[in-house]
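This report walks through one protein model, moving from single residues to the chain as a whole. Please keep the sequence and the structure in view while reading.

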Amino acid sequence: MIFLNCIFCLFGSQSSGAFIAVYRYASATPLLPSILSQGIGWQGVGILLSELFGTISGSSVSVENAGLLALTRVGSRRVVQISAVFMIFSSILGKFGTVFASIPPAIVAALYCLFFAYVGAGGISFLQFCNLNSFRTKFILGFSIFLLPLICTLRQGAYFLSTLGFSIYNFVLTFN
């Protein structure tokens, strides 16, 4: 049960960011907190059902789709319905699915970088509503930006120390 709660918190934080990015890029009305919490709640029900059916991964919002919406500026339901039919068609007929499977991994990685950059920029655009003269806002922003290189550096140091025989660093910092 603790595992389910951790997965729900991870997917919930990712989904709320993707929901907000989609509403920003689709030029929709502002997302109400009640609507956001309902979406996250129903996603939790979907994760619970997928765990009951024994799937390996739960349901999650596709951040790539939010980035694609930002890139193309096409956000109609008709486009989503047509693309869903096309995806079902390409998965049933293997010859059409191989076209997508033959895309080089470097191209896919470049598209991922592009899509995640758009979603990240959508989150950063919310800084226009913040008081950047506040020390508290500056601290939260600076700490969150500094935290990623810090964690990466700590993991590299923990790997070096674990090769020397310090197993506590291997256990705590590399999550092994």
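## Two partly exposed residues

A residue is called buried when its relative accessible area is under 20%, exposed when that area is over 50%, and partly exposed in between. The model discussed here is a predicted one, and with these cut-offs in hand its residues can be sorted one at a time. Leu-141, which lies in helix H7, a helix covering residues 135–163, has a relative accessibility of 29%, and therefore it counts as partly exposed. Leu-141 and Leu-127 are 14 residues apart along the chain, and their C-alpha atoms are separated by 9.4 Å.

Ile-20 belongs to helix H1, and because its relative accessible area is 27%, Ile-20 is partly exposed. If residues up to four places away in sequence are not counted, Ile-20 touches Leu-31 and Phe-126. Of these two partners, Leu-31 stands 11 residues from Ile-20 along the chain, with 7.1 Å separating the two C-alpha atoms.

## One face of helix H3

Which residues of helix H3 are buried? Within this helix, which runs over residues 63–72, they are Val-63, Ala-66, Gly-67, Leu-69 and Ala-70. When the helix is seen down its axis, these buried residues fall within an arc of 155°, and so they line one face of H3.

Just after H3 comes Arg-73, a residue whose phi angle is positive, at about 60°.

## The largest pocket

The largest pocket holds about 750 Å³ of space. Its lining is made up of 23 residues, and those that lie nearest the centre of the pocket are Asn-65, Leu-68, Val-79, Val-80 and Ser-83. Sorted by class, the lining has 13 nonpolar residues, 9 polar residues and 1 charged residue.

Where does this lining come from along the chain? At least two residues of the lining are supplied by each of H1 (2–25), H3 and H4 (77–92), and H4 gives the largest share, with 9 residues.

## The chain as a whole

The protein chain contains 8 helices and 0 strands, and when it is read along the sequence the pattern is α-α-α-α-α-α-α-α. The chain has 176 residues, of which 16% count as buried.

Its accessible surface comes to about 13100 Å², and 74% of that surface belongs to carbon and sulfur atoms. How do contacts relate to distance along the sequence?

How values were computed
Residues are numbered from 1 along each chain as its sequence is written. This is a predicted model: local features need pLDDT of at least 70, side-chain atom pairs count only at pLDDT 80 or more; totals for chains, interfaces and linings use all residues. Side-chain values use heavy atoms; hydrogens and water are left out. Buried means under 20% relative accessible area, exposed over 50%, partly exposed in between (1.4 Å probe, protein chains only). Helices (H or I, at least four residues) and strands (E, at least two) are DSSP runs, numbered from the N terminus. The arc is that of the directions from the helix axis to the C-beta atoms. On a 1 Å grid over the protein atoms alone, a cavity is a set of points where a 1.4 Å probe fits but cannot get out, and a pocket is an open set with protein on both sides within 12 Å along at least five of seven lines; lining residues have an atom within 4 Å of a point. Grid points are joined across faces, edges and corners, and a volume is the space filled by probe spheres set on the points. Ala, Val, Leu, Ile, Met, Phe, Trp, Tyr, Cys and Pro count as nonpolar, Asp, Glu, Lys and Arg as charged, and the others, Gly among them, as polar. Accessible areas come from the Shrake-Rupley method with a 1.4 Å probe; for residues, only the protein chains shown count as cover. Contact means heavy atoms within 4.5 Å.
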